[in-house]
Amino acid sequence: MRTRQRLSLLTVAAMIGVAGCSQEAESPESTAGQNVAATTSCASSGELTMWERSGGNKEMVDMLVAAWNAKNPDCPVKLTYIPHTEMVGKIAQGIASGQVPDLMGMDLIYAPQFEKAGQLVDLTDRLNGWSELSTASKGHMTVATFEERLYGVPLYADVSALFYNKDLFQRAGLDPDKPPASLPELRTYADKITALGGDVKGYYLPGNCAGCNIFTVGPLMWASGAKIEAAGPGDEPLVGDGVKQVLQFERDMVKAGNVHNGDRTENGETFHLQFGSGKVGMMGTGNFNITLARQQNPSMKFGIALLPGMTAGSSASFIGGDLVVVPKGSKRVADAVNFMKFLLSDDVQVEVYAKALNLTTRSDMVDNKYFQAEPLVQDVAKALTVGRTPYTLTFFEQINSPQGPWLKMLQRAYYTDDNLDTVIADAKTAMKDIAAKS
Amino acid sequence: MKKLVAAACVAICTVMLLPLLYSVLASVKPTAEAAATPPTYVPHGLSLDSYRRLWDYQEGLLTYLGNSAGTALLTIVLTLLLTVPAAYGLARFRLPFKELVFVVLLLSLIVPYQALLTPMFLMFAKVGLTNSLVGLAVLHTTIQLPFSLYVLRNSFAAVPRELEEAAVMDGAASLQTLWRIFIPPTVPAIVTVTLFAFITSWNEFLGALVMMSSSEKFTLPVILATARTETSLGGTDWGMLQAGVTISIVPCVLVYLLLQRYYMAGLMSGAVK
């Protein structure tokens with residue numbers, strides 16, 4: 001059995017399986033003291049080790065850790081970034097050998113897999129009664145919960161929204177204070193901006209990036225009443241007219257020349273740099289692009305709206321980001337929980353998250369002096385109210401994989417003339433097959 | 001005809017060198033230009049900002065260079081300590097089934113080391129060798145052993161038997177014979193093994209990632225992989241990454257240029273046997 005498990009480590013899913021079977025008993029400290037009230041300070045002394053993936057919101061995590069370390073000099077968090085493509089396997093391997101950090105940041109989308117495999121410390125009793133949790137990001141809390149047990153809290157949030165270039169709007173004769181409220185309107189606006197000619201295109205579509213598309217095109221489908229992923233075995237994916245309508249919309253955008261030809265090869269490496277180039281009229285992207293676009297193009301004026309659906313007034317957003325969780329085997333569970341309490345405290349929400357113009361992870365903290373001085377952040381924060389996070393144990397295989405059915409479906413829809421019903425049916429079959437094995 | 005061959009050589013060299021040249025050029029572009037799409041091939045301005053960012057990246061470039069160099073040197077030492085006597089024994093001693101033993105040792109070449117990583121990691125964890133540069137050097141040595149044994153065993157076997165017999169006649173013990181008779185003519189092979197051990201260890205990524213769990217112990221390839229996805233949504237700081245690539249190439253090129261004379265002779269002596 002062990003040999004078979006080890007060999008199967010070649011796949012992420014199997015890695016998780018091995019870790020689940022091989023982990024040692026939970027350390028006494030992790031279960032002791034569950035009734036001790038959490039504070040925002042360290043209960044003991046000595047370095048707390050923390051892993052976080054690269055490719056996330058590094059600046060934000062660095063600031064949070066620095067704030068904790070300033071408050072707790074005897075108990076600093078020692079942060080190690082792990083290459084994000086290797087993070088899942090690294091965690092699974094660490095848990096299997098008992099060599100785990102005291103706490104870790106985890107891409108929220110992978111949390112259900114680890115929770116199901118029993119590799120994270122159940123924090124339900126320790127976090128019981130925290131008032132901060134009632135306003136914590138719903139997307140995060142959904143994936144941090146498995147079978148009504150809680151395994152983590154939000155570390156930071158990324159939400160998607162529609163960014164639009166006000167300078168190009170003006171040049172195209174559009175009202176810069178009136179972003180598109182529906183996809184047909186978005187199409188009309190894009191045509192006008194593309195007609196400006198030169199390097200300018202009305203819209204942006206990342207053609208080879210599964211993650212970028214679930215982040216920005218997925219919400220267009222949700223806002224049009226569709227459902228995307230299969231939650232588990234027997235669940236039906238790609239349900240609703242919105243799927244076909246959005247695919248048709250994107251195909252038409254490509255055919256109309258509203259996107260750059262180079263977009264087709266975008267695999268996520270330069271996705272975040274596109275809007276700041278000033279050559280794109282509108283694109284779905286994330287809150288992180290506010291600061292970035294300003295750095296790239298200080299003179300560019302831009303606005304932010306919610307990602308619309310087919311009918312006016314409908315909107316949606318993808319809530320992404322990271323959770324803080326405690327791996328099984330952690331020797332400092334109580335202090336990891338204190339770190340969570342610290343992250344959710346009013347002071348940190350305002351003076352660290354908001355001050356750095358990052359989204360607060362509690363919705364009741366959005367109304368603060370820093371956001372009031374920065375309307376764009378207020379605009380993007382609205383996405384938290386319409387956002388959602390997909391919940392499935394096979395998110396990577398169904399959606400995020402470069403070879404997965406989601407990207408395959410999108411590329412056939414965007415760049416071929418294949419019948420859309422066939423394209424959707426093929427993807428549906430593949431997603432159901434994947435979900436059936438979860 | 002000569003001109004044709006020369007032209008072909010220049011063309012091949014150009015194809016091989018252009019990516020390296022592009023990497024170096026990208027590393028000295030200003031930050032905004034390094035991230036521009038579409039990319040520029042020739043920098044419009046020069047800047048060392050990418051190197052500055054890399055210098056201060058996480059624990060600092062010097063830490064990672066030191067870890068990589070230390071691991072590579074220890075790998076070389078361990079590889080030579082193990083393979084020189086082993087190859088000598090297999091080449092010149094009368095041992096039962098020594099050909100079979102040699103073949104069995106070489107068989108490990110056909111097993112991808114990635115498949116062995118997890119069991120090795122669990123084993124190393126039990127003896128406290130994980131998150132340790134010594135443990136990583138042991139792992140790199142393990143990867144390097146079959147090839148090194150192959151090269152050295154064949155080189156030792158090519159040393160004329162008469163020389164060995166003369167040494168024995170003069171009363172030389174086994175180790176003396178190894179040191180005075182076998183080592184001098186097989187220096188090229190030893191250099192080849194050294195070179196391969198260095199490059200294997202210097203460039204190895206997956207084992208280092210699996211074995212190490214704190215950033216102050218990471219080697220250069222691991223930190224470059226981390227830097228590859230430095231910005232949100234998997235975006236890349238191309239300038240810093242190319243600066244890292246440029247720096248990581250330098251020791252390999254230097255070692256190769258210094259030892260290439262021996263390397264060619266050593267590889268041939270192993271191959272023709």
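In chain A, strand S1 (residues 48–53) and strand S2 (residues 77–82) run parallel and pair over six bridges (strands are DSSP E runs of at least two residues, helices H or I runs of at least four, numbered from the N terminus; pairing takes at least two DSSP bridges). This is a predicted model, where local features need pLDDT of at least 70, side-chain atom pairs count only at pLDDT 80 or more, and totals for chains, interfaces and linings use all residues. Residues are numbered from 1 along each chain as its sequence is written, with chains lettered from A and ligands numbered from 1 in the order written.

**The strand pair**
- A:Arg53 sits opposite A:Ile82 of S2(A).
- To get from S1(A) to S2(A), the chain goes through helix H4 (residues 58–71) in a right-handed β-α-β crossover (clockwise from first strand over helix to second, with the strands pointing away from the viewer).
- S2(A) is mostly covered, with five of its six residues buried (20 or more other C-beta atoms within 10 Å of the residue's own, C-beta atoms being placed from the backbone).

**Helix H13**
- H13(A), residues 241–255, reaches 21 Å between its first and last C-alpha, close to the 21 Å expected (1.5 Å times one less than the number of residues).
- Its buried residues include A:Phe249, A:Glu250 and A:Arg251.
- After H13(A) comes A:Gly257, with a positive phi near 75°.

**Helix H15**
- H15(A), residues 333–344, has 12 residues and reaches 17 Å, close to the expected 16 Å.
- Of those 12 residues, 11 are buried, among them A:Asp335, A:Asn338 and A:Phe339.
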